Amino acid sequence: KYQKSLNHSSVVLDPSTLIQMIRTGNIEKAHLEQLMKDILFNSDSADTLLRHQKSYDLLSGAIAFLSKDNENAIPLVSQVYLHSLIKQSIAKNDKEGINEVVKNQMILNFAYSVLFLEENPKSTFVLDLREEPLLEIVLLMREKSDYKDSIYDLICSILQRRCPDIMSSNPSSPITEVFNQSELQSKDKIARLLTSTIRDGMKNSHFDPSGMSVERAFLLAQRILPSTEVDCIVVRTMIALPNTPAPFLTYGMLCRDPLLILQFPLAVWQCRGFRRMILSILGRLLNANDSLVRQTSQSEDVTDEFLISRNLILLRSLLSLATGYVMNEKNDPLLKPNQHPKISKALVKDRMLTAMIRSIVAKQEGLITSLIRHGIPDEAVDWLVDNVPECTRDANALRALLSERTPMAAAERLRTADASLRIAIASNNEIEAKNLANACLNQLVASFYLVLGPVGVPVNALIEESGMDLTQVCRKATFRILHALLHVSCSRTGLKNECSSALQKLAGMCKAESNNGPPRRKTLLKEIWDALVKALNAMGSGVSLN
């Protein structure tokens, strides 16, 4: 009888009784569901409850009670209904005006949807927060002061944890200042301006070779439009093929697959203004993707495996832009008329690009090891050592990679040793550098006869099915290792002694083989001998054949 006497009008004035009944289980689910519907779908009731200090307790308790023993629960508030309330609440039409009660109803329904997401994250019908205008909603909530302590901080803490990329850009100024009438009237105009500027820059790179006009339009759009909307406009415009409409992409889709940005034409990456704009968007999407993956993955191992795979693809692409040879695409919109695709040196000196690569490497230990294990060009190795000091964190992992238990071919081991030795020389940790250098130089000594090639046959006889000449690969890695040893400082006693000991052993092997084989083999031995003598002299030592 007491349950039947409860109605939404009395509950919104004092929800304490209903909260207690929910906690003790003295209420039927059907009755509670009807009460919550009457409150959420009635603007006056929603407005009254929102102002009560226990509104959060009622929403969270009701959701937990109704969702009990149901993994795929259905929320009382549909996304279509919530979107209609949001659209009404954030509309800025001074002639018609927006009822404050409707705004409060939207905020209560939004809070319900957020709490339902917290209680039932695996449900098919939960709200996708990144598809909503979160900044506008939070700014509307911030305008209120009578319920600020009860629900505002709690909902914002959830949003900060689930969408840190969006909430970190939350403006501190009131909404009336951020979205004034003159700016709001120009929102559509700004979006069209940004789209047309990007298209013009992609069609005619000679008009603005530095991309300054595109970057200026991008910064202007960020002042007026939400960053999520600006990011979507840029990606949709740049990923579209020439003379085709832009694909449908939402911010949530971009956060789930930030590598879509790698589909941009190569020429826009080589343009300074375009590149800075792309990298700023890419940084936000990577942070959002990190949060999504960690929230949805079932274990830490799955999370790490996914993130390292994603970062490897991204790091390879950015390194090929910073140093390396890349091929222009045939349908590249920035190619000159009658210009054919060709391989060109894509050397890009950009502090923002370097900072992006360093941040990717710093976030995950072992990334450089995986990158070297799968092979990267020598130019990329040199660039990493010179510009990314964070790669020295992988010293122990590289030493383990060079161990005998790792299934690697001899040529792969020697190339890995070349890259690892350069990292060891750049490391400030003397013990790690000494151990890693020892592992690298042991590989050099073990591969000595592979570098020389078999006796009695041409030195390039060892060729794999893919056509790769193992002898030439090992020879190139050998001379790179010997050249890298020229940079070992005499003040680093431990590292210097380790390197000198290995080179003395190598010198003895060269001396023993000097009288064997044809002239071509002897010439190679002489080149190796000269290189290692030069390295020993640079370290303040000399050849000792005792």
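Contact here means heavy atoms within 4.5 Å. This is a predicted model, in which local features need pLDDT of at least 70, side-chain atom pairs count only at pLDDT 80 or more, and totals for chains, interfaces and linings use all residues. Residues are numbered from 1 along each chain as its sequence is written, and side-chain values use heavy atoms, with hydrogens and water left out.

**D290**
- D290 touches L307, R310 and K363, leaving out residues up to four places away in sequence.
- Helix α19, residues 272-296, contains D290; helices are DSSP runs of H or I with at least four residues, numbered from the N terminus.
- D290 has a relative accessible area of 13%, so this residue is buried (under 20%; exposed is over 50%, partly exposed in between, with a 1.4 Å probe and protein chains only).
- The side chains of D290 and R310 make a polar contact at 3.0 Å; the term covers a pair of N or O atoms within 3.5 Å, where within protein one must be able to donate a hydrogen and the other to accept it, and residues adjacent in sequence count only if both atoms are side-chain atoms.

**E118**
- E118 belongs to helix α8, residues 100-119, and is partly exposed at 28% relative accessibility.
- Not counting residues up to four places away in sequence, E118 touches I158, R161 and R162.
- A side-chain to side-chain polar contact of 2.6 Å links E118 and R161.
- E118 and I158 are 40 residues apart along the chain, with 8.2 Å between their C-alpha atoms.

- Beyond its neighbours within four places in sequence, M238 is in contact with residues including I198, M202, F264 and F274.

Technical notes
Helix = DSSP H or I, 4+ residues; strand = E, 2+ residues; numbered from the N terminus.
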